[in-house]
Amino acid sequence: MYVEDLRNAVGKERKMRVKSHICAEKVPFSRTHFKTEGLNRGRLISELSRVTTVKFQPSEGNALLFSVPSSDKTKVVAIFDSLCYDYIIIKETGPFLRILRLLRRWGILAGALLVTGALCVYPFSVSDIVTDGECNAEISRILTESGVVRGAFLWDFDADAVEKRILSLYGISFASVTKRGTRVYVVVRNERDDAEFDTVPTSSVAASKRAVVTRAIVFSGTLLVKYGDVVDEGTALIAPYVLVGEERVACAANGEVFGKTYTEATLFYPDTVITREYGDTKTYTRLSFFGKVPETPDSPFEEFELSVNTFRNSFLFGYGVFEYTFREVRYTEMQNTMTEEQMTAAAVSSVREKLSPDAVVTDSIVSVRRAEGGTYVKVTLEAEERIDV
């Protein structure tokens, strides 16, 4: 039973009803039993007799016990609510209602048994087959004959036997069959052809320039130089083998070798510099018939650059079009205003561009010499850089 509390304008009233999962109002020949206490019972009985058939039962003290057809239960409750009576629904009875309750209990039991059975059987089922590798028709046939099929049940699964059958196939070098949960995992590896084997490179790592070795990082192979060795371009730095005892085992030569290099250059900066400036332009157009090249027109400028553009028009009768563009050029002699420091900086920057991007300059030697017509700047840069590339 359960209690439903309602409030009205006078105070608190407690109304209790039987909690049931089966709606007795819809079951034929069902009756609902009520219990109530209070005064003015004559008015209550009169109101109830108007809407339903009431069967009274022996009373308990001041309590009034009676039953009505369950189909009229809603009407009785409405009368209790309108008269502000406390009431209790004691029970609901009926032959069909009793049968439904029994069926419900048996249904719950049957459902519990089905769920328990499913939980016991489910781990033996196969929900999915996950393959890794090339699974051909022969492998699929072996899995099917062994019962490894989606939706099947594997009561006694022998993974080792399945693996042996797959390994017995031609060209299979490795096979693994495992069942984790409801999934079966199949891993297959094929043998490799001889043509797929890679040959070991036999070339050494050689120096790309003259340098003094400073350090080396060997990934594979044997280092042939040490710190302080002077190497020339083409000198072997890392050999394509490793020593196992006294035996040389071939392997790829790979690594990074750094060395101290010296880059030298001499640049000349003249006292006067001739600059070129462009002025006006003038374009002449000439037509050409029957493939004849027209004469080049005279330039309107004393100093000039000439560019010629040609194209052909094939509409009706063909002819060619030649465009001659003259561009005026003025040459001006200017005094070199660079200071000795500026020429030195420009020379060092020019020589630095000849080094690799990852080179680290450790020292620089600069000498400046005046000569007729200009200045010579000699730059020598000492840097550490990779000498194996």
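Modeller: Helix H1 passes helix H2 in a right-handed crossing. This is a predicted model, and the description that follows should be read as such. H1 comprises residues 41-51 and H2 residues 73-83; their axes lie 10 Å apart and the packing angle is about 150°. Because angles over 145 degrees count as roughly antiparallel, H1 and H2 are placed in that class relative to each other. From H1, the residues that make the contact are Arg43, Leu44, Glu47, Leu48 and Val51, and from H2 they are Lys75, Val76, Ile79, Phe80 and Leu83.

The axes of H4 and H5 cross at roughly 155° and come within 10 Å. H4 is therefore roughly antiparallel to H5, and the crossing of H4 and H5 is right-handed. On the H4 side the contact involves Ile139, Arg141, Ile142, Leu143 and Glu145, which meet Val162, Arg165 and Ile166 of H5.

The largest nonpolar core has 16 residues, of which Ile139, Ile166, Val184 and Val186 touch the most other members. Two or more residues of this core come from each of helix H4 (137-145), helix H5 (159-167), strand E8 (172-180) and strand E9 (183-190). Isoleucine 166 illustrates the arrangement: beyond its neighbours within four places in sequence, Ile166 is in contact with Ile139, Ile142, Ile172, Ala175, Val177, Val186 and Val188. Apart from this core lies another, of 15 residues, including Phe34, Leu64, Val77 and Tyr85.

A loop position also deserves attention. Serine 30 is located in the loop that joins strand E2 (12-17) to strand E3 (31-37). Its relative accessible area is 4%, so serine 30 is buried. Setting aside neighbours within four places in sequence, the contacts of serine 30 are with Ala24, Val68, Pro69, Ser70, Thr93, Gly94 and Leu97.

Finally, a word on confidence. The protein chain has an average pLDDT of 82, and 87% of the residues score at least 70. Over residues 1-20, however, the pLDDT is below 50, although this stretch has 47 contacts in the model beyond near neighbours in sequence.

Terms used: Residues are numbered from 1 along each chain as its sequence is written. This is a predicted model: local features need pLDDT of at least 70, side-chain atom pairs count only at pLDDT 80 or more; totals for chains, interfaces and linings use all residues. Side-chain values use heavy atoms; hydrogens and water are left out. A nonpolar core is a set of buried Ala, Val, Leu, Ile, Met, Phe, Trp, Tyr and Cys residues joined through side-chain atoms within 4.5 Å. Buried means under 20% relative accessible area, exposed over 50%, partly exposed in between (1.4 Å probe, protein chains only). Helices (H or I, at least four residues) and strands (E, at least two) are DSSP runs, numbered from the N terminus. Contact means heavy atoms within 4.5 Å. pLDDT is the predictor's confidence in each residue, from 0 to 100. Axes are lines fitted to C-alpha atoms, for helices over the stretch in contact, and angles run from 0 to 180 degrees between N-to-C directions. Angles under 35 degrees count as roughly parallel, over 145 as roughly antiparallel, 65 to 115 as roughly perpendicular and the rest as oblique. A crossing is left-handed if the near helix is turned anticlockwise from the far one by less than a right angle, and right-handed if clockwise.
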